[in-house]
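I opened the notebook to record what I looked up, one topic at a time. The entries follow in the order I made them.

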Amino acid sequence: MLDLSRREFLLGSAGTAAAFAIGGVAASHAAAADHALTLASLDHRIMPDAITKNMMSFSPDGPPPVLRFKQGQKTSIDVTNNLDEASVVHWHGFRIANAMDGVPYLTQYPIEAGQSFRYEFTPPDAGTYWYHPHCNTLEQMARGLTGVMVVEEEEDPGFDRDLPLNIRDFRLGGDGQFISLFKPRSAARSGTLGTVSTVNWEMDPVLELEAGSLVRLRLAVTDVTRVGTYDITGGEAQLIALDSNPLPEPLPATDILLSPGQRADVALRVPDSEEEIVNLVLKRSNGNRVVARFRPKGPSARRDLRELKPLPQNPVMLPDLKNAEVMEFVFGWSPEGDAPQSSLCGTLGYTFWSINRKAWPGDLPGPFDPLATMKMGKSYILRLRNETPNDHPIHLHGVSFQLLRSNKRKLPPLITDTALLQKEETMDVALVADNPGDWAFHCHVIEHQKTGLAGFLRIEG
Ligand code: C2O
Ligand code: CU
Ligand code: CU
């Protein structure tokens, strides 16, 4: 956690928010940053016949931009908060320095309205990622603050086109305006679903792709609630990476189970003829829904999936399972259900969930105790036990972990930052504690995160 006494000491009484980038860098640099994001409210057309008011984006006049970085290259981003509330930006899946992780009070102070903060980091891994606030998360994310990030491999794998797909819902009424962002009854169960599905902030988009070309589709589920299964139908499509990490062998691009926060990279060989439409389908019990269409265009480029280079593995250390210490985490109801304490970063007014019987009290200065403390360089097995009848996509900041086993299903040995813990499932995952700091650990159904299902793990440097 941040040392508050040190903050007071540094600032004295004349301190301003822009000056207290402790462990980071204040955004008043002479040189421009490589990237700039402006958090702003805006009105935008999502539904065909209405302008949705009071959306939020990382840009004053349109959807959140796709941020592109290069693996292993240092970069900087100036974040300016033009909302009329505090915020902070987190880079989901990046194994970077703790001070740049964007979690209020745990790694930095919230960026207050009108203030800026410069983030600087070097993404160590390639792949598909996303960014979002970690302050008043339900409201800010539900209104639009979720964007896709791409870290390019050092060597180009050979696609003709790279197409990020920001997949999410909005909770809009028939008039195109936001309805209540959540229902407490649902927050205590599997979460409140949106009403309108979008890809890149468009309903039912039809995207044109060069016929016969090779396209890398980067699916990023940035929704606050929905756990879904996706199919790519038409064309030749292979699933090549999950949660930024390449699969050992490509899999068919069908039945791709993605929960909030998860990503899938698909290699698509676009059909030759303009009549052969490719669909991105969300499978639902009450009927499948095509969330995006891809239409081949022009003469065929006649490419072949076999021309692609396999994606290189990311430099994630594999855990030493023989000497790993086992740590248990129980995800359950909240023992007392006290209302959370008010915070600059908002509360939903309820406590429903807990980790190891402790409900996170809210985004507050603390200090709070970590759920567990790990030693730098050691391997750990986290035994994640879900005693609830609901799904919880469990996310850990700062380190990647490997899926080991489940009491319910066969798990692929995937490396990830977010694992879907199904109802009543116990899953073992393993990691090397190789990044020091206090790392947020929470459910990515945002209503669960904001009503208790959150905490942090400490890696002692
Ligand atoms: Cu995607 Cu703690 O966040
Ligand atoms: Cu994260
Ligand atoms: Cu959850």
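How many cavities of 30 Å³ or more does a search of the whole structure find? I noted first that this is a predicted model. The search then gave me ten cavities of 30 Å³ or more.

**Entry: the largest cavity**

I went to the largest cavity next. It holds about 240 Å³ of space. I found 23 residues in its lining. Trp360, Gly362, Asp363, Gln449 and Ala454 lie nearest the centre of this cavity.

Which elements give two or more residues to the lining? I wrote down β29 (437–443) and β30 (454–460). The largest share comes from β29, with three residues.

I also sorted the lining of the largest cavity by class. Ten residues are nonpolar, eleven are polar and two are charged.

**Entry: copper ion, ligand 3**

Which protein atoms are the donors of the copper ion (ligand 3)? I listed His392 (ND1), Cys443 (SG) and His448 (ND1). Along the chain, their spacing reads H-x50-C-x4-H.

I then placed the two histidines. Histidine 392 is in strand β24 (residues 392–396), and histidine 448 is in helix α4 (residues 446–449). They are 56 residues apart, so I noted a pair that links distant parts of the chain. 

Are these histidines buried or exposed? Histidine 392 is buried, and histidine 448 is buried too.

**Entry: copper ion, ligand 2**

I turned to the copper ion (ligand 2). His90 (NE2) and His395 (NE2) coordinate this ion, at 1.8 to 1.9 Å. Histidine 90 sits in strand β5 (residues 89–92). Histidine 395 sits in strand β24.

**Entry: an open sheet**

What is the order of the four strands in the open sheet? I read it as β2-β1-β4-β6. The pairing is mixed. At the edges I found β2 (51–57) and β6 (116–121), each of which pairs on one side only. From one strand to the next, the twist averages 25 degrees.

Strand β4 (residues 75–81) and β6 run antiparallel, and six bridges join them. Which residue stands opposite serine 76? I noted glutamate 120, in β6.

Methods. Residues numbered from 1 in each chain as written. Chains lettered and ligands numbered in written order. Predicted model: local features only at pLDDT ≥ 70, side-chain atom pairs only at ≥ 80, totals over all residues. Heavy atoms only, no water. 1 Å grid on protein atoms, 1.4 Å probe; cavity = no way out; pocket = protein on both sides within 12 Å on 5 of 7 lines; lining within 4 Å. Points joined across faces, edges and corners; volume = space filled by probe spheres on them. Nonpolar A, V, L, I, M, F, W, Y, C, P; charged D, E, K, R; others polar. Pairing = 2+ DSSP bridges. Axes fitted to C-alpha atoms, helices over the stretch in contact; angles between N-to-C directions. Donors = N, O, S within 2.8 Å, 3.2 Å for Na, K, Ca; no water. Buried < 20%, exposed > 50% of the residue type's maximum accessible area, 1.4 Å probe, protein only.
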